[in-house]
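Have a look at the sequence and the model first, and then read on.

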Amino acid sequence: MSDIDCLVIGAGVVGLATARALALAGREVVIAEAADGIGTQTSARNSEVIHAGIYYPPGSLKARVCVEGRKLLYVYLRERGLPHKACGKLIVGTHAGQRPALETIAARAEASGVTSLRWLDGAEAKALEPEITCEVALLSPETGVVDSHALMLSLLGECEAAGGSLALNTPILAWRRQADGFSVDFGGEDPATYSVNTVVNSAGHGAPRLLGKLDGFPAEHVPKQSFAKGNYFSLLGKQPFSHLVYPVPEAAGLGIHATIDMAGRVKFGPDVEWVEDDQDLVVDPARAEKFYAAIRTYWPGLPDNALVADYAGIRPKLHGPGEPMPDFRIDGPAVHGVPGLVNLLGIESPGLTSSLAIAELVVERLAA
């Protein structure tokens with residue numbers, strides 16, 4: 001018998017959702033988190049957007065789990081009374097040359113089962129958001145925002161109610177394959193080594209690095225890794241929007257967009273800054289110049305000196321600058337050949353939206 005039946009590494013929103021699903025399926029679950037709290041990295045440093053599932057290639061894992069995850073998430077939030085708002089989103093084309101890109105988005109959305117998008121001309125968009133200027137726009141009424149910390153606390157509470165447990169300040173120092181599972185060296189105040197039957201590697205941007213530490217794991221299944229820092233600036237003064245406002249997407253992200261938190265405050269971001277250090281979370285105030293220029297393409301009335309450096313997050317990328325964006329990877333034994341192991345790799349946006357759907361797939365792949 002192993003000391004631990006099922007170990008989930010990482011207490012971000014995807015790890016917590018997965019641990020909850022496994023506990024509800026009857027597994028004895030331990031969540032190991034290196035930090036001193038839940039969701040301190042990617043899960044706490046994003047736009048907190050519930051995505052509709054409109055950007056991703058039809059048939060991709062990312063499209064599938066986003067669309068299904070969005071449906072599951074809205075039900076979960078409503079049933080538990082958790083803070084969220086389906087405020088809707090405008091994707092704005094600021095000149096006629098951007099219409100083909102919007103048409104591609106609309107076609108992808110429909111092919112992925114998202115049929116709620118509406119075309120708006122410039123006047124119709126301005127009627128919804130008087131401050132914006134655009135030639136054409138897509139309205140996504142199923143896009144929303146959520147209090148991600150409240151969501152994570154709920155997922156953790158339900159995991160613990162089903163018998164799961166959380167160990168904070170517990171990094172994984174080393175781990176090895178055994179005939180019947182794994183041997184894992186845990187750090188922290190009371191370092192120890194335990195045998196583990198099943199492992200879910202949900203360590204976010206630390207997941208590939210952690211996988212590289214697993215003795216005997218096939219090197220060809222350890223992806224290369226890049227880090228894309230996303231900086232955010234908050235807005236001083238009167239809040240201009242009631243919807244989320246997005247530009248046409250750029251190569252490595254969705255562009256510097258306007259999002260609204262549950263208190264109605266507007267922030268802008270993220271941009272894309274490729275970095276070497278995944279702990280580089282300081283926002284350089286000088287980047288505001290780029291933000292002003294980008295935002296004024298759709299909100300020309302943005303006042304001078306209205307942006308304040310806020311926070312940054314790191315996207316766990318599996319590709320580098322100029323390379324095509326890959327799909328999510330939920331690699332189980334059928335992929336890498338190691339029984340009892342599922343690796344969640346490259347789970348960036350829309351990972352928050354997709355978390356409940358990803359959790360269901362992990363349960364399925366461990367049961368297969």
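## A strand with two partners

Leucine 90 has leucine 139 of strand S7 as its bridge partner. On another strand, S15, leucine 90 stands opposite valine 245. Before going further, please note that this is a predicted model, in which local features need pLDDT of at least 70, side-chain atom pairs count only at pLDDT 80 or more, and totals for chains, interfaces and linings use all residues. Residues are numbered from 1 along each chain as its sequence is written, and side-chain values use heavy atoms, with hydrogens and water left out.

Helices (H or I, at least four residues) and strands (E, at least two) are DSSP runs, numbered from the N terminus. Two strands count as paired if DSSP finds at least two bridges between them. Strand S5 (residues 89-93) pairs with S7 (residues 136-140) in the antiparallel sense over 5 bridges, and with S15 (residues 244-247) in the parallel sense over 4 bridges. In general, strands of a sheet pair through backbone hydrogen bonds, either parallel or antiparallel.

How many residues of S5 are buried? The count is 5 of 5, where buried means under 20% relative accessible area, exposed over 50%, and partly exposed in between (1.4 Å probe, protein chains only). Lys89, Ile91 and Gly93 point one way from S5, while Leu90 and Val92 point the other way.

There is also an open sheet of 3 strands, antiparallel and in the order S3-S8-S4. Its edge strands, S3 (49-50) and S4 (84-85), each pair on one side only. S4 and S8 (residues 144-146) are joined over 2 bridges, and histidine 84 has valine 146 in S8 as its bridge partner.

## Cores and a helix

A nonpolar core is a set of buried Ala, Val, Leu, Ile, Met, Phe, Trp, Tyr and Cys residues joined through side-chain atoms within 4.5 Å. The largest one has 51 residues, and Ile54, Phe268, Ile295 and Leu307 have the most contacts inside it. A second, separate core of 42 residues includes Cys6, Ile50, Phe328 and Ile358.

Helix H2 (residues 61-80) has 20 residues and should span 28 Å at 1.5 Å a residue; its end C-alpha atoms are 27 Å apart, which agrees. The expected span is 1.5 Å times one less than the number of residues. Among the buried residues of H2 are Leu61, Lys62, Arg70 and Leu77. Glycine 81 follows H2 and has a positive phi, near 65°.

## Backbone details

| Site | Feature | Angle |
|---|---|---|
| Glycine 269 to proline 270 | cis peptide bond | omega near -5° |
| Serine 349 to proline 350 | cis peptide bond | omega about 10° |
| Glutamate 48 | positive phi | phi about 55° |
| Asparagine 169 | positive phi | phi near 50° |

Where do these sites sit? Proline 270 is in the loop between strands S17 (266-269) and S18 (273-275), and proline 350 is in the loop between strand S21 (341-345) and helix H9 (351-367). Glutamate 48 lies in the loop between S2 and S3. Asparagine 169 lies in the loop between strands S9 (165-167) and S10 (172-178), and counts as partly exposed because its relative accessibility is 42%.
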